[in-house]
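Here is a walk through a two-part model, going from single residues up to whole chains. Keep the viewer open while you read.

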Amino acid sequence: MDFTVSILLATFIISVLALFVFIASMAKGLFGSGGAAATQIFDADELGRVEDPAATQAQRGDLQRAMDENKPALAPAARDAEQIATRLRADQSSSLVVGVCLTLAVAWLVLASLAGLISSIKLHAPDWWVGFEWLTFGRIRPIHLNLVGYGWCSMAGIGVALWLIPRLLKTELVGARWALLGGALWTLGVATGTVAIATGHSDGLEWLEYPWQADIPMVIGGALVGFPMWLTLLQRKVEHLYVSVWYIAAGLLWFPILFLIANWPGLHFGVQQATMNWWFGHNVLGLWFTPLGLAASYYFIPKVIGKPIHSYNLSLLGFWSLAFFYSQVGGHHLIGGPVPSWLITISIVQSMMMVVPVFAVAINQHLTVLGNFRALLYSPTLRFIVLGAMLYTAASVQGSLEALRSVNAVTHFTHYTVAHAHLGLYGFFSMVMFGAIYFIMPRVMKWEWPFPWLISLHFWLVLVGFAIYFIGLSIGGWFQGLAMLDKDTPFMQSVALTLPYLQARSIGGGLMTLGHLVFAAHFFMMGWKFGPKRLGAALLAPPLPAVPLALARTPARSAA
Amino acid sequence: MSFGVGRFEMDELRLVVGAMVILSGATALLVVMPYLLLKDQPPTPGLKPYTELQAQGRQVYIANGCVYCHSQQPRDIALGPDALRGWGRAPVAGDYAYDTPHLLGTMRTGPDLFNIGARQPSRDWHLGHLYQPRAYTPGSIMPSYPFLFETRPGAARPGETVLSLPPAWAKPGQVVVARPEALALVDYLIGLDHAYPALQPLPVATSAAAPAKKAGV
């Protein structure tokens with residue numbers, strides 16, 4: 001016990017000291033600057049000019065006016081044909097691989113949603129569809145998780161990252177074919193692994209169900225999708241690396257290593273395997289999905305409103321503290337389990353320290369949008385991404401609290417944890433990806449979203465659906481935990497009381513799935529260039545030079 | 001505006017080195033240290049290795065994802081009343097010496113199964129419960145597993161295990177026989193019995209010396 005207490009103190013003191021050293025060194029004449037790196041994502045003609053290819057002409061006008069009213073000081077430079085051509089070349093260099101990745105992502109999303117909905121219904125209708133082995137709860141649930149994690153989220157994150165890289169480095173994407181090959185291998189791995197789970201060949205570890213035969217193409221594929229980034233970095237035309245680049249580069253570096261160590265056959269055993277399992281299980285969230293999601297939100301929030309992020313230094317603090325603290329929190333999944341107590345103690349301390357990176361990101365992004373919340377009304381991209389960023393804060397703070405022993409005693413082993421997991425991977429990550437895809441696809445396809453009302457429909461369906469899902473399951477899970485802690489309550493009581501909440505979850509999940517079907521239908525309509533032709537100022541489309549751009553922009557600006 | 005370029009500015013080298021150092025640190029802490037500490041951990045005395053049939057049953061448990069609803073790690077009495085529910089004492093690492101992959105689990109949609117064999121040793125109960133959980137536990141939300149059984153008209157063949165279901169759930173004129181997977185799974189479940197003590201009793205001399213030593217400090 002004394003050993004545990006000293007570990008607790010030591011970890012805490014080292015963490016706090018490291019933090020203070022960092023803050024102090026930044027504060028030494030460094031605070032409040034960093035403008036050069038923060039404005040790196042803007043060309044001269046972009047700063048102060050709103051941008052959202054998913055918005056209609058009218059929405060863009062309103063968006064610009066909303067921003068101008070608030071801060072008219074930022075007068076954007078005149079459109080420059082050369083800069084537009086550079087951006088256009090950057091987009092063209094990535095469009096094929098990004099289009100492929102995002103299309104796969106959307107296809108996986110639909111399958112993953114259906115698998116999730118089936119799992120959810122099965123929990124309150126246990127005799128429904130029991131004849132097929134592959135549809136039994138214990139198989140369709142991990143199929144859902146893996147399709148969401150490795151299918152939808154990873155593919156979307158990779159697609160968005162590959163689109164961002166040439167934009168962030170102001171050059172063309174080099175070696176896109178490596179990423180295409182990587183994406184193909186990755187997809188092969190996901191498909192193989194999913195079939196393996198369905199046919200009863202799971203490895204049996206959460207987040208690591210895919211057998212090694214499916215892991216090999218994913219490790220190689222995961223490394224290959226990073227190639228174009230490293231090659232493009234060698235050719236970069238920017239002096240400073242923007243925040244998003246750090247997150248993308250680190251994420252692409254971390255994932256293959258994590259996945260390789262975690263899946264190495266015959267290496268892990270017994271309780272050690274359990275600690276490894278949650279070292280991986282939490283790092284795949286913290287060092288893979290979170291960096292990709294934050295990279296996107298750090299780019300799109302300032303980009304849409306045409307205003308740089310609030311503080312470059314804060315983002316630097318956020319990045320390193322995220323990497324340091326997040327990578328050590330995995331043990332909190334094993335509180336009360338047969339693992340060394342020092343390990344759990346370290347993880348609990350670092351889970352609490354996670355408030356540092358979370359608030360660094362939250363304050364930074366909040367202050368960027370602050371005073372411009374009306375922009376959410378007009379920009380579909382921003383609506384999704386700002387919601388996602390806010391839910392990132394919520395999910396992270398909730399996660400820190402759940403790591404406390406007193407809270408964990410209630411929530412561990414309950415549906416509350418499932419709701420929390422969805423707040424992170426859906427509320428935060430998926431919402432940000434939706435927004436990013438709405439922004440990116442018009443650039444990739446050179447075609448606007450055919451029916452803007454479908455974007456709104458998607459937004460409201462998933463928002464309402466997710467609210468029902470999350471609130472219902474959190475309440476149900478909490479009560480379930482309390483019932484399990486009460487020695488006088490029979491265990492079956494903890495099952496029976498969750499039923500209405502499990503049903504609510506299916507309703508919420510049904511609305512979310514419906515929203516995804518709307519999204520996918522819209523996505524493929526766009527892919528087939530369906531719908532009214534609305535090529536206009538949203539696009540940096542040929543024919544060059546950007547005469548239509550300048551023409552379309554001018555009236556709105558002079559009106560403002 | 002430059003603000004300490006060269007000191008805090010992020011470049012590729014710093015990014016890669018920093019990212020790798022941090023990941024290595026976390027891996028050392030959460031993967032390598034437990035590996036070194038636990039690799040020579042002997043099985044707790046009293047723990048029996050799995051028989052071949054039990055090992056097969058464990059694979060059936062894994063293949064059908066039982067772990068997504070059932071934990072195998074009773075919590076200490078300080079954290080919850082698991083022991084009072086008859087789920088057993090808090091386990092130690094040596095209890096899992098033969099458990100690869102580990103099946104600790106993170107959900108208790110159903111009860112903990114670490115000592116299900118001690119709690120419910122009836123093979124007939126387990127077979128019937130897998131076939132139709134609600135026949136034995138009203139209100140259960142566990143899926144039924146008809147694909148682990150064969151239902152057909154007529155009589156069973158010699159050597160087959162016939163389910164004796166409660167009358168309300170029996171199918172007149174038909175027999176329900178267990179497939180080998182069901183038999184293996186039930187054998188594994190009945191074998192889940194960690195009711196032996198976690199610690200060996202201390203030798204007399206040491207246990208007498210311990211309080212004295214503590215008092216001395």
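Start with W207(A), which counts as buried because 20 C-beta neighbours sit inside 10 Å, and 20 is the cut-off for that label. Keep in mind that everything here comes from a predicted model. You'll find W207(A) in the loop between helix 6 (176-198) and helix 7 (212-234) of chain A. Its backbone deserves a look too: W207(A) isn't a glycine, yet its phi is positive, about 75°.

F413(A) does something along those lines. Here phi is about 70°, again positive and again not in a glycine. F413(A) belongs to the loop between helix 15 (405-411) and helix 16 of chain A. Is F413(A) buried or exposed? It's buried, with 28 other C-beta atoms within 10 Å.

On the peptide-bond side, chain B has an item to flag: the bond from T100(B) to P101(B) is cis, with omega near 0°. P101(B) is in the loop between helix 2 (52-63) and helix 3 (116-119) of chain B.

| Helix pair in chain A | Axes come within | Crossing angle |
|---|---|---|
| helix 16 and helix 17 (residues 452-485) | 8 Å | roughly 165° |

Take the pair with helix 14 of chain A. The crossing of helix 14 with helix 16 in chain A is left-handed. As for what lines the contact between helix 14 and helix 16 of chain A, there are 17 nonpolar, eight polar and one charged residues.

Now the other side of the table. The axes of helix 16 and helix 17 of chain A cross at roughly 165°, so helix 16 of chain A runs roughly antiparallel to helix 17 of chain A. This crossing of helix 16 and helix 17 in chain A is left-handed as well. Which residues do the meeting between helix 16 and helix 17 of chain A? From helix 16 of chain A the list includes H415(A), Y416(A), H422(A), Y426(A) and Y438(A). Among their partners in helix 17 of chain A are F466(A), Y469(A), F470(A), W478(A) and Q480(A). Sorted by class, the residues of this contact between helix 16 and helix 17 of chain A come out as 12 nonpolar, nine polar and no charged.

L294(A) and F428(A) are 134 residues apart in sequence, but their C-alpha atoms are 9.3 Å apart in space. L294(A) belongs to helix 9 of chain A. L294(A) is buried, having 29 other C-beta atoms within 10 Å. Leaving aside residues up to four places away in sequence, L294(A) touches Y247(A) and V361(A).

How many residues of chain A are in contact with chain B? There are 71, and they meet 65 residues of chain B. Helix 9 (residues 270-305) gives the largest share of chain A's side, nine residues. That side of chain A has 39 nonpolar, 24 polar and eight charged residues.

Zooming out, chain A has 20 helices and zero strands. Its C-alpha atoms fill a box of roughly 75 × 60 × 40 Å along the principal axes. For 560 residues, a compact globule would have a radius of gyration near 24 Å, and chain A agrees, with 24 Å. Of the residues in chain A, 61% count as buried. Among chain A contacts between residues at least 6 apart in sequence, 86% join residues at least 24 apart.

Chain B has six helices and two strands, running α-α-α-α-β-β-α-α from the N terminus on. Buried residues make up 38% of its 217 residues. For contacts in chain B between residues at least 6 apart in sequence, the share joining residues at least 24 apart is 71%.

Methods
Residues numbered from 1 in each chain as written. Chains lettered and ligands numbered in written order. Predicted model: local features only at pLDDT ≥ 70, side-chain atom pairs only at ≥ 80, totals over all residues. Left-handed = near helix turned anticlockwise from the far one by under 90°. Helix = DSSP H or I, 4+ residues; strand = E, 2+ residues; numbered from the N terminus. Nonpolar A, V, L, I, M, F, W, Y, C, P; charged D, E, K, R; others polar. Contact = placed C-beta atoms within 7 Å. Rg over C-alpha atoms; globule rule 2.2 N^0.38 Å. Buried ≥ 20, exposed ≤ 12 C-beta atoms within 10 Å, placed from the backbone. Axes fitted to C-alpha atoms, helices over the stretch in contact; angles between N-to-C directions. Parallel < 35°, antiparallel > 145°, perpendicular 65-115°, else oblique.
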